[in-house]
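Thanks for coming. I will take a few minutes to go through one structure, from the overall layout to the core and then the surface.

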Amino acid sequence: MNEDRNTPEATRRNFLTGTARLAGGIALVSVAATTPARATPATMQTAIKKVIGEAPLRKGKVTIDVPPLVENGNTVPVTVSVESPMTAAEHVKAIHVFNEKNPQPNVIGVRLGPRAGKAALSTRIKLADVQKIIAVAQLSDGSFWSDEADVIVTIAACVEDLR
């Protein structure tokens with residue numbers, strides 16, 4: 001303390017201690033204020049509706065290839081292919097993949113055109129739990145086609161949101 005002013009001295013130690021307390025308080029508030037995001041079948045349907053709008057979603061033309069039983073949800077191979085000649089007049093404009101229980105229902109969305117040559121995508125995704133995966137393809141005529149697969153995951157990924 002500075003005896004002349006009856007206030008704490010401005011030392012580096014006082015500054016760093018005060019800054020650490022402030023940062024700790026901000027971190028505590030930000031952790032307490034967040035809630036974990038988690039997709040549900042309803043949020044997945046809402047995400048699909050955002051893509052297709054009011055258009056009907058038909059089954060067929062789309063094939064989703066994913067193992068039905070996955071030991072480790074951290075890296076799940078997924079391949080989506082769509083029956084299409086991929087010509088200028090008739091082609092796939094987009095492929096979207098959705099899931100039920102990961103933190104976000106939108107897994108991936110890919111835009112395609114006739115120059116792609118083949119309407120297919122392959123990737124690896126994380127899966128949090130036993131869930132349904134839906135692939136949706138938008139064709140150049142404005143129609144939407146889909147396929148779905150159920151996947152059993154024995155060791156879940158994205159576990160920070162499962163409680």
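This is a predicted model: local features need pLDDT of at least 70, side-chain atom pairs count only at pLDDT 80 or more; totals for chains, interfaces and linings use all residues.

Residues are numbered from 1 along each chain as its sequence is written, and side-chain values use heavy atoms, with hydrogens and water left out.

The protein chain has two helices and nine strands. Here helices (H or I, at least four residues) and strands (E, at least two) are DSSP runs, numbered from the N terminus. The order from the N terminus is α-α-β-β-β-β-β-β-β-β-β. Of the 163 residues, 31% count as buried; buried means under 20% relative accessible area, exposed means over 50%, and partly exposed is in between, with a 1.4 Å probe and protein chains only.

Now the pairing. Two strands pair if DSSP finds at least two bridges between them. S2 and S4 run antiparallel and are joined by four bridges, with valine 62 having valine 82 in S4 as its bridge partner. S4 also pairs with S7, again antiparallel, over six bridges. In that region, threonine 79 stands opposite serine 122 in S7.

S4 has two faces: Val76, Val78, Val80 and Val82 are on the covered one, and Pro77, Thr79 and Ser81 are on the uncovered one.

What sits in the largest nonpolar core? It has 24 residues, and Val80, Val82, Val92 and Ile133 have the most contacts inside it. A nonpolar core is a set of buried Ala, Val, Leu, Ile, Met, Phe, Trp, Tyr and Cys residues joined through side-chain atoms within 4.5 Å. Elements giving two or more residues to this core include strand S2 (62-65), strand S4 (76-82) and strand S8 (131-139). Apart from it lies another core, of eight residues, among them Met44 and Phe144. In soluble globular proteins, nonpolar side chains tend to be buried together.

Take isoleucine 133. Leaving aside neighbours within four places in sequence, isoleucine 133 is in contact (heavy atoms within 4.5 Å) with residues including Ile64, Val97, Ile125 and Val151.

Last, strand S9, where isoleucine 152 has its place. Is isoleucine 152 buried or partly exposed? Isoleucine 152 is partly exposed, with a relative accessible area of 44%.
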